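Please keep the sequence and the structure in view while reading.

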Amino acid sequence: MKIPVLCSQCTSHTPDIQEINKHSRSIHVTDSIVYRLECPKGHIEFLVLKHFAHEILFEIGAQAIEDGYYREAISSFTSSLERFYEFFIRITCEFDRVDKDEFNKAWRTISSLSERQLGAYIFRYLSHFGQAPAAPNNKIKTLRNKVIHKGYIPSRNEALNYGERILNEIMPILLELRDKNEFSFSTYCNEYLWDIYQNTVSENKGYQVSQSDNPFILNWNRLNFECSGEKINLDKRLKQRPKCYSVANI
Ligand SMILES: [Zn+2]
């Protein structure tokens with residue numbers, strides 16, 4: 001998946017949108033949320049994505065469906081859910097004022113074991129909200145194992161339904177997290193990403209550093225759009241997505 005970017009130095013004095021579009025380029029998304037950009041004129045800038053790993057991975061899954069890579073969609077949606085469990089564990093430990101060093105010590109013991117992370121998530125949910133979370137949908141695990149371990153090639157419909165199930169796992173919990181901790185939820189997200197932005201600024205003195213908030217399907221900063229009560233299915237969300245993220249659109 002790629003994200004379009006503009007060189008701010010080439011476009012800062014140009015009000016003409018067509019002229020600005022001539023300077024449009026793109027970055028290919030990697031594991032980092034910080035990107036070094038260099039335009040054809042040699043201007044160097046840095047870009048920090050205002051997104052968490054589960055948001056980016058879900059969007060890569062959505063893009064894979066759009067581009068026809070259904071196995072890859074299922075793999076990315078699965079990783080999105082796993083990283084969302086990590087996000088939940090981290091943010092609720094922050095809400096409950098768990099010491100950061102102690103958290104890191106504990107996290108190291110489960111950081112490469114997804115089943116342990118799922119167990120940690122279930123009990124973190126229980127201790128934070130005082131009730132057990134809904135059991136994860138069994139169909140998720142069945143199809144995931146078939147695709148990842150047995151080389152099964154799913155159809156578009158199977159990938160779409162799988163993404164829908166993952167979205168239905170994540171979105172209600174995100175909204176619950178936000179609604180029950182409204183101020184601290186946005187404060188945590190803002191501060192976490194602001195620290196990365198500030199580190200990028202201090203490590204690259206003299207260079208322009210900007211932040212990029214994209215209209216991804218999962219986006220902590222746009223949860224207000226989810227409050228209308230209307231349930232929007234993944235198929236409809238895919239139709240509403242910008243087309244610019246596809247690597248097929250060179
Ligand atoms: Zn430039």
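Contact here means heavy atoms within 4.5 Å. On that basis, among contacts in the protein between residues at least 6 apart in sequence, 69% join residues at least 24 apart. The model is a predicted one: local features need pLDDT of at least 70, side-chain atom pairs count only at pLDDT 80 or more, and totals for chains, interfaces and linings use all residues. Residues are numbered from 1 along each chain as its sequence is written, and side-chain values use heavy atoms, with hydrogens and water left out.

**Overall build**

- The protein contains ten helices and five strands; these are DSSP runs numbered from the N terminus, with helices (H or I) of at least four residues and strands (E) of at least two.
- Taken along the principal axes, the C-alpha atoms fill a box of roughly 55 × 45 × 35 Å.

**Surface and charge**

- The accessible surface comes to about 13800 Å², and 51% of this belongs to carbon and sulfur atoms. Accessible areas come from the Shrake-Rupley method with a 1.4 Å probe, and for residues only the protein chains shown count as cover.
- Of the 250 residues, 43% count as buried. Buried means under 20% relative accessible area, exposed means over 50%, and partly exposed lies in between (1.4 Å probe, protein chains only).
- The mean positions of the 32 positive and 31 negative charges are 4 Å apart. Lys and Arg count as positive and Asp and Glu as negative, while His and the chain ends are not counted; the place of a charge is NZ of Lys, CZ of Arg, CG of Asp or CD of Glu.

**Nonpolar core**

- The largest nonpolar core has 65 residues, of which Phe87, Leu174 and Phe185 touch the most other members. Helix H4 (residues 70-95) gives the most to this core, with twelve residues.
- Such a core is a set of buried Ala, Val, Leu, Ile, Met, Phe, Trp, Tyr and Cys residues joined through side-chain atoms within 4.5 Å.
- Leaving aside neighbours within four places in sequence, Phe185 is in contact with Phe87, Ile91, Phe95, Leu174, Leu177, Arg178, Trp220 and Leu223.

**Val48 in a strand**

- Val48 belongs to strand S4 (residues 44-49) and counts as buried because its relative accessibility is 0%.
- Beyond residues up to four places away in sequence, Val48 touches several residues, including Ile33, Val34, Ile196, Tyr197 and Val209.

**Charged residues**

- Glu226 is located in the loop between strand S5 (208-212) and helix H10 (234-240); with 18% relative accessibility, Glu226 counts as buried. Apart from neighbours within four places in sequence, its contacts are Met171, Leu175, Ile217 and Arg237.
- Arg156 is part of helix H8 (residues 156-180) and is partly exposed, at 31% relative accessible area. Arg156 and Glu66 are 90 residues apart in sequence, yet their C-alpha atoms are 9.0 Å apart in space.
- Arg97 sits in the loop between H4 and helix H5 (100-108) and counts as exposed at 76% relative accessibility. Although Arg97 is not a glycine, it has a positive phi of about 55 degrees.
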